[in-house]
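Subject: Structure handover

Hello,

Here is the structure I promised to pass on. Please open it alongside this email.

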Amino acid sequence: YLGPGGISDDGNHSNCTGGAAYYIDRTFFGIDHIYSTPTCQEVYRTGPYDPEGILGSLNSIVMCYFGVYAGNILLYHKNHLGRIIRWLVWGLLTGVVALALCEAKLNEGFIPINKNLWSISFILSLISMAFILLTALYVLIDVTRLWNGAPFRYVGLNSILIYMGHSVFQFYFPFRWVGIEKDHTTFLISNEIGVALWMLIAFYCDYIGFYIKI
């Protein structure tokens, strides 16, 4: 079972959130050592489940390896074209494999794209998007110099402030619109509003020259 459990599927798998991932974590760590308020609980009224359990951590390691490999391409290949070709090839390859695993479906397929499970199709889709986005940004910023990275660079210049602010105010209006969060789409809209607000704050801090550093 790869679904969220709870009230999904007419409640037929109410205690199966996470499937094998949850079973392995419960066997090794016990129910008292599993994250008790997962994000899927808000939508599907599930029990405890840890998206960063044993199986999810293994897939995270795979994703980190590809990140290291992307950095190695930058270090060991000195010309722009060599870097761009390698990043794009890996981006397309991992994207095709991810689509094949989920059968190009939103919530179904052989191995669905599922963030809470950190499924292999999910991490491969992330890796694919990361390679392609890295290539696009590299071309725009470093090769053609058509863009300086704004507004994202403002967040990077004050990342500690943004992280601390989000940790404190993540459940408060206007950074989170609790009233509209009914499904995945409205959760996404709520979070996008929060991100946009923190970008505005980061821009203002850069404008007045205020930074928090260690």
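Below is what turned up, region by region. Keep in mind that this is a predicted model.

**The core**

Start with the largest nonpolar core, which has 11 residues. They are Phe66, Ala70, Ile73, Ile84, Trp87, Ala98, Leu101, Leu124, Ile127, Phe131 and Tyr138. In soluble globular proteins, nonpolar side chains tend to be buried together.

Setting aside neighbours within four places in sequence, Phe131 is in contact with Phe66, Tyr69, Ala70, Trp87, Trp90 and Gly91.

**Helix H8**

Next, go to helix H8, residues 184-208. How far apart should its ends be, at 1.5 Å a residue? The 25 residues should span 36 Å. The end C-alpha atoms are 37 Å apart, so the two values agree.

H8 has a set of buried residues: Thr186, Phe187, Ser190, Gly194, Trp198, Met199, Ala202 and Cys205. Their cover includes helix H2 (40-44), helix H6 (152-157) and helix H7 (159-169). An α-helix has 3.6 residues a turn, so residues three or four places apart point the same way.

Other residues tell the outside story. Phe203, Tyr204, Tyr207, Ile208 and Phe210 form a nonpolar patch on the surface. Together they have about 580 Å² of accessible area. Tyrosine 207, in H8, counts as exposed because its relative accessibility is 65%, and the cut-off for exposed is over 50%.

**The salt bridge**

How many salt bridges does a search of the whole structure find? One. Glutamate 103 pairs with lysine 105, and their closest N and O atoms are 3.6 Å apart. Side chains of opposite charge can pair when their charged atoms come close. Glutamate 103 is partly exposed, at 42% relative accessibility. Lysine 105 is also partly exposed, at 39%.

**The H4-H5 loop**

Last stop: serine 119, in the loop between H4 and H5. Is serine 119 buried or exposed? Its relative accessible area is 8%, so Ser119 counts as buried; the cut-off is under 20%. Beyond residues up to four places away in sequence, serine 119 touches Asn59, Ile111, Pro112, Ile113 and Asn114.

Over to you.

Best wishes

Key. Residues numbered from 1 in each chain as written. Predicted model: local features only at pLDDT ≥ 70, side-chain atom pairs only at ≥ 80, totals over all residues. Heavy atoms only, no water. Core = buried A, V, L, I, M, F, W, Y, C linked by side-chain atoms within 4.5 Å. Buried < 20%, exposed > 50% of the residue type's maximum accessible area, 1.4 Å probe, protein only. Contact = heavy atoms within 4.5 Å. Helix = DSSP H or I, 4+ residues; strand = E, 2+ residues; numbered from the N terminus. Expected span 1.5 Å × (residues − 1). Patch = residues over 30% accessible without salt bridge, like charges linked within 9 Å, V, L, I, M, F, W, Y side chains within 5 Å. Areas by Shrake-Rupley, 256 points an atom, 1.4 Å probe, with all protein chains shown as cover. Salt bridge = Lys/Arg side-chain N within 4 Å of Asp/Glu carboxyl O.
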